[in-house]
Each structure stands twice: as structure tokens, then as C-alpha cells.
Amino acid sequence: RRAPPVDPEILRTMKKVGFIGYAPNPRTKLRNQIPYRLKEMDNEFDNFSQVPESPIGREEEPHLYRVAKKYRKVTIKYSKLGLEDFDFKHYNKTLFAGLEPHIPNAYCNCMIQVLYFLEPVRCLVQNHLCQKEFCLGCELGLLFHMLDLSRGDPCQGSNFLRAFRTIPEASALGLILADSDEATGKVNLGRLIQSWNRFILTQLHQETQEQEGPQAYRGAGSSSFGSSGDSVIGQLFSCEMENCSMCRCGKETVRVSSTLLFTLSYPDSAEKPAKDYEFAQILKRSICLEQNTQAWCENCEKYQPTVQTRNIRCLPDVLVINCEVNSSKEADFWKTQAEYSFQKAMMKRGGFDITKGKEISLGDWKDLGNPDTGHSYPSVEELKNIWIPHAIKMRLTKSKELDVSNWSETDELSPTDDPESVYIYDLMATVVHILDSRTGGSLVGHIKVGETYHQRKEGVTHQQWYLFNDFLIEPVDKCEAVQFDMSWKVPAILYYARRNLNSKYNLVIKNPIEASVLLAEASLARKQRKCHATFIPLMLSEMPQAGDLVGLDAEFVTLNEEEAELRSDGTKSTIKPSQMSVARITCVRGQGPNEGVPFIDDYISTQEQVVDYLTQYSGIKPGDLDAKISSKHLTTLKSTYLKLRFLIDVGVKFVGHGLQKDFRVINLMVPKDQVIDTVYLFHIPRKRMISLRFLAWYFLDLKIQGETHDSIEDARTALQLYRKYLELSPQGAEPEEFRKVLKGLYEKGRKLDWKVPEPDSQSSPKHGAVFPPVLAL
């Protein structure tokens, strides 16, 4: 019997997408007939990102999903273990650190990466440290230090974004978003990131300009990266402008100003047919702007039609351009110019014209290589949607006229060009707005990572473009970095850096955090002076050395509740985890005559509203974090953070229980060889983690965490457990013997349902044979 007849329309569709035929089973219904190339085509669909995805299943839409898969908004899927079992390596196989997107106002992640890979900026902020509690320069430097330490693991900029939310200018500019704003997608992210770009450069310029004289946390011998009255940001980005206003009465007014970036200004698109412009022409037009406007004339004593012109006096080392593609008019302009560029590229490389009615196949195009060199030109797809060049040549003539032209990365200067007056700028970053109605859109960055950074991070010398989409990072072709399909991928910001930029700047980082941060400091709380201190600060003779043990514990409060949804099968899915904030940090001495005595016990003052103090688990009570009524040793997060950073930089080993979560909320990146976590020391793979309370009862016969948790008690207990571990598993001992100890621990835990017995019961470890493997040792 023959197979049932197939609708011709279906056959045409199958042929179009590449299906060859059907499985020859006449009894199988049409909907179950399997194309021969199913698996292969599935891969092709993934590559072209035409498979629609949705958290609740595939949605039926008549059109194909245009946004390429790697450009879509990435989300973290949370399990019962939080982030511990989420496979970040699937999204990032490089050694560069991604940034997590679930924190409020994390829309600026891509721009943080751009600034990080601009070497002079990275070195500037990592050398910067000041007294201000909320300084974006300091926080950016601390975040960059984390990105340096990471070996492919993602970081979060929670402390930077917390400081960002406190800056009045950021709020006035509308840069602080509510969670609902980001979720609904009503915000124009392209316009927002351009405002953020202007804000951050201005803010860093002001903060690093203020480095005058000795500062807190900085010794007299520490060198300031920028001299007083100037800053490296000014040297890198600032450009002096001459603004001239000419009234029709003949009065001319000249005013000098400076700018850190330029905004593209487009010609009137009403002209038909649309004119062909090079990018350099539009850039020159935008820098040397000329416009007619109404302005006040002192001579006429009234508003008059005035011609305003702007001329440039010097060229910056880094050329920052806000693209201002905020409407369909600008988008159409880019699209038209990209089409002109495509036609010119085809004519130049293939020697023929491409008209709208004529197409050339991929195979034909590859055959157009140079017969002498055997070189194959880029494919047709790689030349589409490109208008901006990878390099720009700029110079100021003797008459102070600006000359701008598109340049090629391989072009060399002519012998008549003066290297000092001619600037060659290479494109180093593009930030793009991804238009996606399903997710509300997102922002991603293409960044060219240079030789200096590759040499330092990976030990190789080369340049490579990468896509940074929050925690998704992957190498891309240089053509992709400048391709803008205006239907879903819209340019927002361009960064051009002067060639050989790094040779002009001091790229040495001198750690500005000194031992003085550990010495005694005053509490912010007014009542604390009357109360007994819970810790003894380190003396100079006790300063930690590399390899010293430090017991650590931290307590947290909740700022935002968890957002979750209930699935149809009754299970819970976490959409957004609760936002935690560190409320108390304790460090105890790990050796010496004062072993177990705390030297840090800081309660962290917070200006943000606390939803839940978690008193049962944290021991923190309402009022403990309020400077007006607290009786605790209250400090700023920055002050305590610097103490921990100093300990990390010295090379101490932190001992604690569940430190991974503690460091995550504190926003610290600690090398793995400096962490001793008792939750993993007493753990059998693929079995449950055991609480500190149960381990303390079982091994130390201690009852801890009775009514509430106390971080001093927990830090001391973790140290004692580590000592016990060394006793039970000495170097050179048979691992099998320690496994017997752990087996006994898990057997006892299962019998007691992992609950510590009440004091009146006789189930203490010292009563009964709880320790047979230990006694055997």
C-alpha cells in the first residue's frame, strides 16, 4: 500500500527548510512521519536561532524567532540548592568572568565589562580608594578585582549597584529602575544605557579628580593615579570644545567647554533618494556640529535666530560615541547606509554591481577570491548590515580643521603623516540593544580583548572579539561585532581606542588597602561606647601572615522576598531568589595564645529597607543596624569589606561552615585554596550536607545555636571542627578509616532524623557507642 497523499503546501514547506523525505511507513500518520534529517535540521535551527523558546513551553507564533539564540536574555534557573547546581560553564567556556543579571539595575552589566577591558580605566579604579562610604570608583575597583580573580565563574555587582542607588544624580537622571520596570520591558534600554554611559564617565571623572592629599586606608607612600585637579578619565576621554554663537546682528560669542563623549547627529531623512554617507562623514558632522536655534543676544537684548557652531580643539585618547538610534527614522538611516555599504563592498571585492533584483550564491561568492593569493573573501552574510568601520583616522589640520575618514585595521600611515597629530582609532567595543518582545529586550556588548589582557589572563598573545551577554560569554567574528540588523539588534554605544593606547599609561596596580584597616575604629552607633565590646582588635604584633587560619561567619537579613511560581504538578519554581544583605561579619583568631578570640565583630549599617531580620537564624534584631538606637559595633559595609579584602590579599585561610553562600552575599571572590569549609570536610559525595549544629554535637559534644545563631560561636565551632578533622584524618592516614567515621556520622544522623537530642536525653556522643570508628583509630 502506498503512503497517503501529502498536501503540496506541506511538501513545499518541507523542501524549503531542507527536509528530504519521509520515513517509508504507510501506516504511520502524517504528524508522526519523521524527516530523515530531523537531528541535523534541529542543529541548523539552533544555529539560526529560529526555534522559539518559552519557560512554559513553545508558543505558537506565525513568524520565526528572529533573535539569535546567544543574544537572547539569559536567566538563571534556581533549584533547592540555589545556584550551586546551575551549570554556568555551559554558557561560558572562557576564563573571563560573566556578571549575574538578577540584581536590580543590572542592565549596566555590559558597560561594566567594557570599562573593565579598557586597561587604563581598570588600573585607575583598582588603584583608587577614598573615604566616601558610597564611591562608585572604589566599588568598581573592588568589582574589577573580583573579575580578575575569577577563572570563568560569574560575579555579581551587588555592592557596586547598591552604591549606585545612593547617588542622587543617578536617581535624578532616571537611571534607577524599579524591578517592575525591568520586568515589563517598558523602558527604552538603548536610551537608558547611553544616559548611564555619560553618567558613569562624569562620576568617575569627579571622584578620581578629588584625590588630594593622604586619604583613609592609604599610607603616605601610596601614589595617587591621577594628579590633583585632573584625572585619568579626563586624559582618556575629555575633549575641549569651542562653541561659537553668531547672532544675525553680527555679535559673536565664543565659549569653551569640554565633553567626555559625542552623540551622533543624523541628516534629515526626507531627501529622496536617500544619500550615501560614510560613517566618518556623520561622525565629523556630529563632532563639529552646526545648527540654527533661538538664543539670547545681549546686543539685541532679546532672543534671536542664532547660528551655533562647535569646533574641536584636541582629540581624546578614547572616542566614545552614543548612537542615539531612538526612533524608526534613525533606524531607517542606519539600514539604508548599511545597504549602500554592502553594495560598495560587493563591487570592490567582486568587481560587479549588485542590484535589488540580482542575488549571488554563497558558492559563487567564495569563488571570487584572488587567484594569485588563493584568498577567499568574507561571505555575503558577513558583509550585510555593516556600516561602521573597524578603524577611524582623525587629525587636526594646522588651521584647526577636523579631518575624519574611515580606515582599515591593516592600513598604514603615509610618510607625510605626523604620528603625533594623526590619531588612528580602533574599535574596541560596541554595546547593542536587543529588541525582543518576549522578554522585554536586553543589552549585550561586543568587546575586543587585547593582547595585554590575554597575556595576563591566558598566557597567550592575540586579539579576539567576544560577546558578553551577562554570564554568557563566547568568541565572535569581528564582522559580527559591527553587524546591526535593525529589526532586533540596534547599536547604542561605540568605543574607539587610540592605537597603542596602553603604552601611554601606567598600568601598574598597587594595592591601596593597607594593614591599618584592621586597627581599632569608632562605631557608628551612639550607644555602643557604653556597652562591652564583643571583640579585641588585632595588635600590630598579631598581623596575619599567609597561611594563617581565620574563623569566619556571617549573618544576613532579607531585603526582598523570593519570587516563585507553583507549577501544575505542585512543585515550586524560583523565578527570582530573595535578595539578602550582610548584617554581621565575625572573624576569630585561628592560632596563637588568643585562639578563638574575635578580632572583627561588625554589624553592618544599612540604608535600605529590611523586609525580614531572620532573627531566629541570624540573631539580628530590629534596631541592631540603626545608628540611632543600636548598641552594637556598627560599621559601613565598605569598611568591613576592606578588612576582608586585606585578609584575602595577605593569603590567610578562612575556616567556616557554608562559606560559599557567605562570600556570595558579601560579594567577595576568594581563591579556593584559601577556603576551608567544614560542610565539605564532613560530607560524603551525593549525600546530604550536614548542619554545623549536628556536627558540633556529634564530634565536639557541644550544643550550639539554641535559641538563635551567634556568629562568634559559629566561627569558633568551625575552627574546632577543623582541628577535629585534622585529628581524625592526619596526613598519611588511610582514607578508608576516615570514611568509616563519616559512615558512622551519617548512620547516626539518619537514626535521629538529623536533629540534636534534647539535654535530658542520654543521646550525647559520650553516651553509647557513637564513635566506634574513632575509637578504632
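1. What joins the side chains of R165 and E608? The two are joined by a polar contact of 2.7 Å, a polar contact being a pair of N or O atoms within 3.5 Å, of which, within protein, one must be able to donate a hydrogen and the other to accept it, while residues adjacent in sequence count only if both atoms are side-chain atoms.

2. The model is predicted, so that local features need pLDDT of at least 70 and side-chain atom pairs count only at pLDDT 80 or more, whereas totals for chains, interfaces and linings use all residues. Residues are numbered from 1 along each chain as its sequence is written, and side-chain values use heavy atoms, with hydrogens and water left out.

3. R165 lies in helix α6 (residues 158–165), helices being DSSP runs of H or I of at least four residues and strands runs of E of at least two, numbered from the N terminus. R165 counts as partly exposed because its relative accessibility is 21%, where buried means under 20% relative accessible area, exposed over 50% and partly exposed in between (1.4 Å probe, protein chains only).

4. In helix α19 (residues 659–666), the buried residues are L659, D662, F663, V665 and I666. They lie on the same side of α19, because they cover an arc of only 165 degrees around the axis, taken from the directions from the helix axis to the C-beta atoms. Just after α19, N667 takes a positive phi of about 75 degrees.

5. Strands β4 (residues 290–297) and β5 run antiparallel and are joined by eight bridges, with E290 standing opposite T309 in β5.

Notes. Two strands pair if DSSP finds at least two bridges between them.
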